[in-house]
Structures are given as structure tokens and as C-alpha cells.
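Student: I have a model open and want to learn how to read it. Can we go through it feature by feature?

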Amino acid sequence: MRRGRSGALPRGTAERTLTSVGTGEDTGRPDERGARRDGAAERGPDTGQRETSRLWHITLSVSGAEAPLKEVRRALEQLAHDHPFLLTSRYANDHAEIRYWEEARDLHDAAAVALRLWGEHRSTAKLPPWEIVGLEVIDRETYHQRVAEGYGPPPASPVGVHPF
């Protein structure tokens, strides 16, 4: 079953299916060709070729009507518990920023997962009914280059949920 909108895909894109990333149990072991799997590679559905997963740094910004700070904090803490890859969340009574690493085949897959995060956890974490107002997805190399040059997002530390 394929989820998504019917109709033609945007020009220049191939049909994409989102896949989950392996557990990493075979990371570092050679595959059948003797190549190492350090890139957390997955098999392509039709070609038998390997598709390499990469790490993407996600910054998701949400905002909306004011909500009590205690409820926002509790909801973000629950989200961090439900989605253990969250690095840090900053919040105010009308907006929040969530930063974390996502492993995905390409930017499109990483962005798709990130755009679903807030909506999929809204009821279980009792998140405010805010909308996504910003999304930044950058690869690991770009993230580290920005940090090294002093103009990127500071490293996500301290880890956890904090007020702005």
C-alpha cells in the first residue's frame, strides 16, 4: 500500500517510499561483496544496489495560540520520551523549536518524517495545537561545518527541554 496524494509527482522526482532504518546490528560487517556497511545502508527495492542512509540535523519550529508554560514543557518532555532521538527543545508560551538527528536516505525522506513528527505525537504527548512554521534539514557535514565556522546553530547542549 502506498500512502500519499494521488496524481503526478512533482517534476524531477521519482516515486519515493519511506523506509525505516535498520537497527545497526550489522554495521561494520562486510556485505556479500565484501564492502563495509558503515553507512547504515539498505537494499534498494528493485535494483539490488545499496542505498546509503545519512544523518540529517532537523530543526522544527512550531507556533500558535498561547498555552500555559507548564503544559508546553510537560508536552515537550513527553515528546522527548516518545521520540528518544530528540536532542533539545526550546519553548515559550506561543512557540517552540525542536532539534534532533534523523537517519534517512535523502533530504526528502528526512523532511517528510520531520513534518509528520508534531502531528503524529500531538494527541499522545498532548502537544499544543500549533502549526509547523519552519523546518531546516541539513546534512551532518554542513552542520559540523557551520558549527566550526561559528555561524551555525550551537551544538545542542544542554540536551533536554528548556525555555527560550
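Student: Which residue in β5 does Thr88 stand opposite?
Tutor: Arg99 in β5 stands opposite Thr88. Keep in mind that this is a predicted model. The strands β4 and β5 run antiparallel and are joined by 5 bridges. They form a hairpin, with 3 residues between them.

Student: Which strand is joined to β4 by 4 bridges?
Tutor: That is β7 (residues 160–163), and β4 and β7 run parallel.

Student: How do I read side chains along a strand?
Tutor: In a regular strand, side chains alternate between the two faces of the sheet. For burial, count residues. In β4, 5 of the 6 residues are buried, so this strand is largely enclosed by the rest of the structure.

Student: What is the strand order in the sheet?
Tutor: The order is β6-β3-β5-β4-β7. This is an open sheet of 5 strands, with mixed pairing.

Student: Which strands stand at the edges?
Tutor: β6 and β7 do. Each has a single partner strand, so one side of each is left without a neighbour in the sheet. From one strand to the next, the twist averages 20°.

Student: How do β3 and β6 pair?
Tutor: In the antiparallel sense, over 8 bridges. β3 covers residues 54–63. Within this pair, Leu60 has Leu135 in β6 as its bridge partner.

Student: Which strands does α1 lie across?
Tutor: α1 lies across β4, β5 and β7. Its direction is at about 170° to β4. Helix α3 (residues 140–149) also packs on the sheet, where it touches β3, β5 and β6. The direction of α3 makes about 90° with that of β6.

Student: Now helix against helix. At what angle do the axes of α1 and α2 cross?
Tutor: At roughly 115°, and the axes come within 11 Å. The crossing of α1 past α2 is right-handed.

Student: Which residues meet there?
Tutor: From α1, Leu76, Leu79 and Asp82. From α2, Leu117, Trp118 and His121. The residues of this contact divide into 4 nonpolar, 1 polar and 1 charged.

Student: Next, loops. Is His83 buried or exposed?
Tutor: Read the relative accessible area. For His83 it is 13%, under the 20% cut-off, so His83 counts as buried. This residue sits in the loop between α1 and β4. Beyond neighbours within four places in sequence, His83 is in contact with Tyr100, Glu102, Leu117 and His121.

Student: Where is Lys126?
Tutor: In the loop between α2 (107–121) and β6 (131–139). Lys126 has a relative accessibility of 58%, so it counts as exposed. Check the backbone too: Lys126 has a positive phi of about 55°, although it is not a glycine.

Student: And Asn93: what does its side chain make a polar contact with?
Tutor: The side chain of Glu66, at 3.3 Å. Asn93 lies in the loop between β4 and β5. It is partly exposed, with a relative accessible area of 27%.

Student: Which residues does Asn93 touch?
Tutor: Leave out residues up to four places away in sequence. Then Asn93 touches Ala65, Glu66, Ala67, Leu69 and Trp130. Look at Val72 as well: the C-alpha atoms of Asn93 and Val72 are separated by 7.0 Å, though these residues are 21 apart along the chain.

Terms used:
Residues are numbered from 1 along each chain as its sequence is written. This is a predicted model: local features need pLDDT of at least 70, side-chain atom pairs count only at pLDDT 80 or more; totals for chains, interfaces and linings use all residues. Side-chain values use heavy atoms; hydrogens and water are left out. Helices (H or I, at least four residues) and strands (E, at least two) are DSSP runs, numbered from the N terminus. Buried means under 20% relative accessible area, exposed over 50%, partly exposed in between (1.4 Å probe, protein chains only). Axes are lines fitted to C-alpha atoms, for helices over the stretch in contact, and angles run from 0 to 180 degrees between N-to-C directions. A crossing is left-handed if the near helix is turned anticlockwise from the far one by less than a right angle, and right-handed if clockwise. Contact means heavy atoms within 4.5 Å. Ala, Val, Leu, Ile, Met, Phe, Trp, Tyr, Cys and Pro count as nonpolar, Asp, Glu, Lys and Arg as charged, and the others, Gly among them, as polar. Two strands pair if DSSP finds at least two bridges between them. A polar contact is a pair of N or O atoms within 3.5 Å; within protein, one must be able to donate a hydrogen and the other to accept it, and residues adjacent in sequence count only if both atoms are side-chain atoms.
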